[in-house]
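This report describes selected features of the structure shown below. It covers salt bridges, a sheet with its helices, and the nonpolar cores.

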Amino acid sequence: MDLEKYTADIVKSIQELVRIKTVEDSPVINGPFGQGNKECLEKTLKLCEELGFEVKNLDGYCGYAQVGEGKEIMGIIGHLDVVPEGEGWKYPAYSGEIVDGEIWGRGTWDDKGPVVISIYAIKALMDSGFKFNKRVRLIFGCNEESGSRCIEHYLKVEEPISYGVSPDSSFPVIFAEKTINSIEIKGTASDKGSVNLDYLNAGIVINAVPDKCVFKLSSKNKSNIDEAINKINDSLNKHSIKFEVVKEDLSVEYIVHGKAAHGSIPQCGVNAASYAIEALKEVVNNDFITLYSSCIGLDVHGEKLNCFAEDEYGKIAVNVGLVSYLDNKFSIKINSRLPFNTNSELMIKQIQDRLSMFPFASATLLSSSLGFKMDENSTMIKSLVDAYQKVTKDYESKPICSAGGTYAREFKNCVAFGPEMAGYGEIIIHQPNERIQIRAIKDILKIYYQAYKDLILKVSFEK
């Protein structure tokens, strides 16, 4: 099968979808996640209809394109929504611009690009005369980055898939995903020193490392502000943290810059809030700052929070994604990825125990999404690995246990499969300058074409 002939259409379709901003927004008619998500879903379904699929829009929450007949449904589940673009883009985040053989824009990797490639992989099978002995259903969600209510709706109004994949992670295959939870620590604090914390704000979404933190200090005495500035500057410079200062006579505002990273790998980022508070602990006597520096500090594995855990797949990931302080009220929102030897209930108890010495604060479990493990030796996992190896000739990479979360956890017999792999430039997720090489698109299409074909022919969960 000549797959090269689909490249131009894939590139064009990715560009068109990237140009639609699909960050969750206020609901509109038939668009519970905002106008952008509604438009993008409708455009995707229209594309699929033009390519020969049966399509269905499920009340704007999600939709699907389907081909084939049979009792079983093989699902391919991707998402059209994206995280906010943030700052620092070399080319506009929603331009879909092609530069040096790369398509730039939010969603090129996560997850509009893989969605489009998957559509054309099935289209190529259709064009080849392949006989679909079961239904193949491409499901397009619109709320993966902020709650997956789209899939909750799907499961209420449609029959579940029999098995499938989510093209939203890494090759060769994700055979396990860790439990993910969100926790909020909040309370009322007070200033007791000569320098007051007026406000602090950091983060855009809970599942990303904040790359910017803004805070303001004030005092009745100018010399106190000058002294605070010197200490804060020393601390930030010591850790090689970039910052900006706007000083007035009796106040000063800081903008502290970190490095964004996905919430599943906080150790790969630089948390602007944590480093700002590390500096603030030397200059303000504030309950919120004391709690944060005592119980979190610069940790990313929960040591100070009393919730550290580790198993054969690695350490717990504890990402502080959203931090706010205003009018003496504070909120610290944490997104965590858990080893299989702990759970959300134990974790929240451990944190509550740690906070017992801070009576002004409380911790609440906001959400918990249970992880899964699939047998690495199952026909499904082996088929996916074999398809990957057949195209790439990479026989070294092994099935992965991921700290990330995908739609795979929302369905039975489902795993994440691609598209990330080494050798295709800088792969950026949830950060500025996301872009995908056209060369990568071509090879991902080859893998998906082979893998989806094998999944249809070789795998069945019918009893």
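How many salt bridges does a search of the whole structure find? The search finds 20, where a salt bridge is a side-chain nitrogen of Lys or Arg within 4 Å of a carboxyl oxygen of Asp or Glu.

## Basis of the model

The model is predicted: local features need pLDDT of at least 70 and side-chain atom pairs count only at pLDDT 80 or more, while totals for chains, interfaces and linings use all residues. Residues are numbered from 1 along each chain as its sequence is written, and side-chain values use heavy atoms, with hydrogens and water left out.

## Salt bridges

E87 is joined to K212 by a salt bridge in which the closest N and O atoms are 3.2 Å apart. E87 belongs to the loop between β3 (73–79) and β4, and K212 to strand β12 (residues 212–219), so this pair ties together parts that are 125 residues apart in sequence. Helices (H or I, at least four residues) and strands (E, at least two) are DSSP runs, numbered from the N terminus. E87 is exposed, at a relative accessible area of 52%, whereas K212 is partly exposed at 30%. In these terms, buried means under 20% relative accessible area, exposed over 50%, and partly exposed in between (1.4 Å probe, protein chains only).

Within helix α3 (residues 112–127), D127 and K123 are four residues apart, or about one helical turn. Their salt bridge has its closest N and O atoms 3.0 Å apart. D127 is partly exposed, with a relative accessible area of 40%; K123 is buried, at 17%.

A further salt bridge connects the side chains of R137 and E158 at 3.2 Å, N to O. The pair links distant parts of the chain, with R137 in strand β6 (residues 135–141) and E158 in the loop between α4 (149–157) and β7 (163–166), 21 residues apart. R137 is buried at 2% relative accessibility, and E158 is buried at 12%. Salt bridges with shared partners join K56, R137 and E158 into one network.

Three strands form an open sheet in the order β4-β5-β24, with antiparallel pairing; two strands pair if DSSP finds at least two bridges between them. The edge strands, β4 (98–99) and β24 (435–437), each pair on one side only. Strand β5 (residues 102–104) runs antiparallel to β4, and two bridges join them. I98 has I103 in β5 as its bridge partner.

Helix α10 (residues 438–458) packs on the sheet and touches β4, β5 and β24, with its direction at about 70° to that of β24. Helix α1 (residues 7–18) lies across β4 and β5, running at about 15° to β5. Axes are lines fitted to C-alpha atoms, for helices over the stretch in contact, and angles run from 0 to 180 degrees between N-to-C directions.

## Nonpolar cores

Which residues of the largest nonpolar core touch the most other members? Of its 86 residues, these are I119, I122, F140 and Y452. Such a core is a set of buried Ala, Val, Leu, Ile, Met, Phe, Trp, Tyr and Cys residues joined through side-chain atoms within 4.5 Å. Helix α10 provides the largest share of this core, 12 residues.

Apart from neighbours within four places in sequence, I119 is in contact (heavy atoms within 4.5 Å) with T44, L47, C48, L51, F53, L138 and F140. A second, separate core has 51 residues, including L200, V283, L305 and I316.
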